[in-house]
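Colleague: Please take me through this entry question by question. Give the cut-offs as the terms come up.

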Amino acid sequence: MMLNPETGAPANEVVLEAIGLTKHFPVRRKLRDLFNRTHDAVHAVDDVHLTLRRGRVTALVGESGSGKSTVARLLAQLYPRTAGDIQLHGQSTKVKGGRQFRQYAARVQMIFQDPFASLNPVHTIRYHLTRSLKIHHNAGNSAEELEAALNNLLTRVSLTPPERYLDKFPHELSGGQRQRVAIARALGADPEALLADEPVSMLDVSIRLGVLNLLRDLKERLNLAILYITHDIASARYFADDTMVMYAGRMVEGGDSESVTQSPAHPYTRLLIDSAPDPDRIANMLGDAADRGNGEPPSLIKPPSGCRFHPRCPMAMPRCHTDLPVRLEIGDKPGHWAACWLYDEATVAAQPPGSAAAGHSPEAVTVAADAHPEEVR
Ligand SMILES: Nc1ncnc2c1ncn2[C@@H]1O[C@H](COP(=O)(O)OP(=O)(O)OP(=O)(O)O)[C@@H](O)[C@H]1O
Ligand SMILES: [Mg+2]
């Protein structure tokens, strides 16, 4: 077994696992709802399976509202879940605030999109980092040890020399430096997993790469398991070892990043890639071409039956309207799967050769997506 030189922990060991993770947010009821017995809920996350391993970055990609942040918050135990399990080193976890939460947070830390909002403007960098070290009992036993730990944290995130930053306030730093401080604060807990929810999307394009490279460096040196949430499938290809694609609360494709981004199997993943670098343009791109869903993500209060993508899918078959797709192996690389009936042997056998649904025919999807190129611009 390969051991990491710095931490001594086995490489690729599973740290955190989501099993059938589900979150429904109740919709606030109106007076008239008291008389009918329906309990509406936003189906934000349904039956999500996800594994985070030491020394690996797993990207979670999807357009706005697909449930990515909800998955991260569930994994961080910031929300109670509706169903499913979260296992830390194979042990089921259910955190009910206070001490239990702190113990969990010592191992699983979150980094948010907006580093300015996540740092308190009235406190210095020293205060933020000291607090994190103290809460997680990593501050040492003397002023010298604390100072050494603070210097070490800032050095880890390349804010050197540390003295230049320790007594500054958040507003005195650039966006990239603030995000580095937020990362240093997370490292103050000495965690095993980092959940990074769009950690670079609010930063200038020119400094995004530096922060991603820092996270990659930390992954390698500290053998961290990292969940990297992003809209940008191109950055997942660059930065993540594994990539999972989410649509309307469900996982639709997963595998190693190279397979998922170079030979995407699910029609939705193909559309994300064709519309990169900004997958949000997918809505415009589909436009009238597939107007069945108005090119908008579906309502999550009454999600579409069968495959949630079927109203927008250029390749939808009758079965997709009714049957929820299961994970099907694509067969090009071990572990590459898609929840799409195009890859079901029964579907493939039933189609005449050369038809759109026969086996891998992602080109057909590309053509459909390109049908209205003027809308792409
Ligand atoms: N606290 C909440 N109460 C009710 N609905 C919520 C709550 N949080 C999220 N939702 C809903 O759950 C769905 C998923 O939201 P989520 O924030 O997880 O998406 P996301 O993929 O992170 O989107 P974005 O890319 O915009 O950050 C959305 O429809 C959202 O409106
Ligand atoms: Mg989000």
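Modeller: Helices (H or I, at least four residues) and strands (E, at least two) are DSSP runs, numbered from the N terminus. This is a predicted model, in which local features need pLDDT of at least 70 and side-chain atom pairs count only at pLDDT 80 or more, while totals for chains, interfaces and linings use all residues. Residues are numbered from 1 along each chain as its sequence is written, and chains are lettered from A and ligands numbered from 1 in the order in which they are written.

Colleague: How many helices and strands does the chain have?

Modeller: The chain has 377 residues, of which 42% count as buried (20 or more other C-beta atoms within 10 Å of a residue's own, against 12 or fewer for exposed and in between for partly exposed, with C-beta atoms placed from the backbone). Its secondary structure comes to 16 helices and 12 strands.

Colleague: What share of the contacts with a separation of 6 or more joins residues 24 or more positions apart?

Modeller: Two residues are in contact if their C-beta atoms, placed from the backbone, lie within 7 Å. Among the chain's contacts with a separation of 6 or more, the share from residues 24 or more positions apart is 66%.

Colleague: Which element gives the most to the shell around ligand 1?

Modeller: Ligand 1 is surrounded by 13 residues, with F25, A44, S64, S69 and T70 the closest (a residue is near a molecule if its C-beta atom, placed from the backbone, lies within 6 Å of it). At least two residues of this shell come from strand 2 (41–53), and at least two from helix 1 (68–75). With three residues, the element giving the most is helix 1.

Colleague: How do the residues of that shell divide into nonpolar, polar and charged?

Modeller: Ala, Val, Leu, Ile, Met, Phe, Trp, Tyr, Cys and Pro count as nonpolar, Asp, Glu, Lys and Arg as charged, and the others, Gly among them, as polar. On that basis the shell around ligand 1 has four nonpolar, eight polar and one charged.

Colleague: Is helix 1 mostly covered or mostly open, and how many of its residues are buried?

Modeller: The buried residues of helix 1 are K68, S69, T70, V71, A72, L74 and L75. Helix 1 is thus mostly covered, and the count of buried residues is seven of eight.

Colleague: What is the omega of the peptide bond from T160 to P161?

Modeller: P161 sits in the loop between helix 5 (143–156) and helix 6 (163–166). The bond from T160 to P161 is cis, with omega near -5 degrees.

Colleague: How are helix 7 and helix 8 oriented to each other?

Modeller: Helix 7 (residues 175–187) and helix 8 (residues 205–222) pack with their axes 10 Å apart and at an angle of about 15 degrees. Axes are lines fitted to C-alpha atoms, for helices over the stretch in contact, and angles run from 0 to 180 degrees between N-to-C directions. Angles under 35 degrees count as roughly parallel, over 145 as roughly antiparallel, 65 to 115 as roughly perpendicular and the rest as oblique. Helix 7 and helix 8 are therefore roughly parallel.

Colleague: Which residues in helix 8 meet helix 7?

Modeller: On the side of helix 7, the residues are G176, Q179, R180 and I183. The residues of this contact divide into four nonpolar, three polar and one charged. In helix 8 the partners are I207, G210, V211 and L214.

Colleague: At what angle do helix 4 and helix 5 cross?

Modeller: R126, L129, T130 and L133 in helix 4 meet L146, A149, L150 and L153 in helix 5. That contact has six nonpolar residues, one polar and one charged. The two axes of helix 4 and helix 5 come within 10 Å, and the crossing angle is roughly 110 degrees.

Colleague: How far apart in space are S259 and D332?

Modeller: S259 lies in helix 10 (residues 257–262) and counts as buried because it has 21 C-beta neighbours inside 10 Å. Beyond its neighbours within four places in sequence, S259 is in contact with D332, K333 and H336. S259 and D332 are 73 residues apart in sequence, and their C-alpha to C-alpha distance is 7.9 Å.
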